[in-house]
Amino acid sequence: MSGLGEGADACGGGVGRQSGPRCRGEASRGELLTDLDDLTAKTLLAEPIAPLLSVQLRHLGGAFTRPSDSPLTEPYALYLFGVPTDPAAAAAIAVKQRTLAAALPVSGRKPLTFLNPGETVTDAFTPAALTRLRDIKAHNDPRNIFRSNFPVEG
């Protein structure tokens, strides 16, 4: 018996949630890759992915690359996911994510849909795009009725 209440996990949250400060932001990491060359492929395949649960590599194109004020010019999205069952697992996941990201050709931007709780919209949008989104939000939702996990407000 783990001593945890039903529906709780070792990181202090409910099932499927990471709400404890020991685990917040450690489960997922998204990156945009500028290239997928032989070195990138070898880096991704060189070692087992543990303690990560999954590594997803997505080819971007089509509507993502069409002209807009914030196009994704990077050709690939990388998503690194682990399950932080306790503080040690959370730390190991974070180390693996940082190590992989440091060894890959990442752009420094993040896809909005891949942001983790420790990141903000400034990681996903250019300053010009963020200013435009803030203006739209202020004009169309002055009472802040519509909310987001990653708000555009300053």
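The expected span of a helix is taken as 1.5 Å multiplied by one less than its number of residues. In this predicted model, helix α3 can be set against that expectation: it has 14 residues and extends 20 Å from its first C-alpha to its last, close to the 20 Å expected at 1.5 Å a residue.

The sides of α3 may be considered next. The buried residues of this helix are Ala129, Leu130 and Lys137. Viewed down the axis of α3, these buried residues fall within an arc of 95°, and therefore they line one face of the helix. The face of α3 turned away from the buried side bears the exposed residues Pro127, Ala128, Asp135, Ala138 and His139.

In the segment after α3 lies Asn144. This residue has a positive phi of about 60°, although Asn144 is not a glycine. Asn144 counts as partly exposed because its relative accessibility is 27%, a value that falls between the limits of under 20% for buried and over 50% for exposed.

The peptide bond leading from Ala50 to Pro51 is cis, with omega near 10°.

Attention now turns to the aromatic side chains. Across the whole structure, a search finds 2 aromatic pairs. Tyr79 and Phe81 form a stacked pair, with 6.3 Å from centre to centre and 10° between the planes. The angle qualifies as stacked because planes under 30 degrees apart are counted in that way. Within this pair, Tyr79 is buried, with a relative accessible area of 17%, whereas Phe81 is partly exposed, with a relative accessible area of 27%.

Tyr79 also pairs with Phe114: the ring centres are 4.8 Å apart and the planes lie at 45°, so the pair is tilted.

Which residues do the ring pairs link into a cluster? They are Tyr79, Phe81 and Phe114. Tyr79 takes part in the stacked pair with Phe81 and in the tilted pair with Phe114.

Methods:
Residues are numbered from 1 along each chain as its sequence is written. This is a predicted model: local features need pLDDT of at least 70, side-chain atom pairs count only at pLDDT 80 or more; totals for chains, interfaces and linings use all residues. Side-chain values use heavy atoms; hydrogens and water are left out. Rings of Phe, Tyr and Trp (its six-membered ring) pair if their centres lie within 6.5 Å; planes under 30 degrees apart count as stacked, over 60 as edge-to-face and the rest as tilted. Buried means under 20% relative accessible area, exposed over 50%, partly exposed in between (1.4 Å probe, protein chains only). Helices (H or I, at least four residues) and strands (E, at least two) are DSSP runs, numbered from the N terminus. The arc is that of the directions from the helix axis to the C-beta atoms.
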